[in-house]
Every structure is written in C-alpha cells, then in structure tokens.
Amino acid sequence: TGLSLPESYKRLHNKFNTSDQVVNLLARRNETCTFQKLQKNVQEISRKRYEQIDLAHIVGVYEAAYIFAQCKGLSLIRNDRMVRNEYQLTIAFNYAKLGPN
C-alpha cells in the first residue's frame, strides 16, 4: 500500500478524466471543442462545477495534453442569444505528445 493522493488532487484527476472523455467525444463527432461546450458537458457528467481555473490546473500538471487556440466566428450562446463575433477558447488533443501506439 502506497501513499494516497490528497483530496484536491483526486478531484483534479477526476476532472481531467472527464475533460478527456468530453474532448474525445467531440473530436469523434468532428465538432470543435470550445471551453463553453467542455464546461457544460463536464458539469453534466460530474455534477461538479468546472471553471477555466480547473483547466489551468490540468495544464499545469500535464501541459502537453491539449492544444489551445483562440478562434473567432464560432457560435457562442451568451444571455440566450447566438453571438459569432467573439473569440472563444478551443481545446483539441495534442496527438503528437501521446506517443506511438
């Protein structure tokens, strides 16, 4: 028996696993994964809050996991209205860092 992770690390690990599932699902659907989509789906699956700081913590531990970009012109729902002129954070797998399979 080894040492167990602190509770905050366990929560971060669970958020990472859920984020991974969502990014993978959207990639298989050929959908762009925006932070808004990621946040909504992670919160629905985990029933826990998911904020940009959680994603920042994940990147702090495993910075090569994802590729981030700011994209303009994607559909964004703000105050129950569709907006297209704002930049959005997009997230994609960094397949190059996953290693050979």
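Glu31 is partly exposed, with a relative accessibility of 33%. In this predicted model, Glu31 belongs to a network of salt bridges that also links Arg29 and Lys37. A search of the whole structure returns 5 salt bridges. The strands β1, β5 and β2 form an open antiparallel sheet in that order, and the buried residues of helix α3 pack against two of its strands, β2 and β5, as well as against α1 and α2.

**Salt bridges**

- Side chains of opposite charge can pair when their charged atoms come close.
- Glu31 meets Arg29 in a salt bridge with an N to O distance of 3.7 Å.
- Glu31 also forms a salt bridge with Lys37, where the closest N and O atoms lie 3.4 Å apart.
- Lys37 is itself partly exposed, at a relative accessible area of 29%.
- A further salt bridge joins the side chains of Lys40 and Glu44, at 3.3 Å from N to O.
- Both Lys40 and Glu44 are located in helix α2, where a separation of 4 residues corresponds to about one turn of the helix.

- Strand β1, residues 33–34, runs antiparallel to β5 and is joined to it by 2 bridges.
- Within this pairing, Thr34 stands opposite Thr90 of β5.
- Strand β2, residues 66–72, is also antiparallel to β5, and 7 bridges join the two.
- Phe68 has Ile91 as its bridge partner in β5.

- Helix α3 covers residues 52–61, and its buried residues are Asp54, Leu55 and Ile58.
- These residues span an arc of only 100° around the axis, which places them on the same side of α3.
- Ile53 and Gly60 are exposed on the other side of the helix.
- The packing partners of the buried α3 residues are helix α1 (7–28), helix α2 (35–46), and strands β2 and β5.

- Glu51 lies in the loop that runs between α2 and α3.
- Glu51 is partly exposed, with a relative accessible area of 28%.
- The side chains of Glu51 and Arg49 are joined by a polar contact of 3.0 Å.
- When neighbours within four places in sequence are set aside, the residues in contact with Glu51 are Phe35, Gln39 and Gln43.
- Gln36 is 15 residues away from Glu51 in sequence, and the C-alpha to C-alpha distance between the two is 9.7 Å.

**Cysteines**

- The number of disulfides is 0, on the criterion that the two cysteine sulfur atoms lie within 2.5 Å.
- Cys33 is buried because its relative accessibility of 3% is under the 20% limit.
- Cys71 is partly exposed, at a relative accessible area of 27%.

Definitions and conventions: Residues are numbered from 1 along each chain as its sequence is written. This is a predicted model: local features need pLDDT of at least 70, side-chain atom pairs count only at pLDDT 80 or more; totals for chains, interfaces and linings use all residues. Side-chain values use heavy atoms; hydrogens and water are left out. Buried means under 20% relative accessible area, exposed over 50%, partly exposed in between (1.4 Å probe, protein chains only). Two strands pair if DSSP finds at least two bridges between them. The arc is that of the directions from the helix axis to the C-beta atoms. Contact means heavy atoms within 4.5 Å. A polar contact is a pair of N or O atoms within 3.5 Å; within protein, one must be able to donate a hydrogen and the other to accept it, and residues adjacent in sequence count only if both atoms are side-chain atoms. A salt bridge is a side-chain nitrogen of Lys or Arg within 4 Å of a carboxyl oxygen of Asp or Glu.
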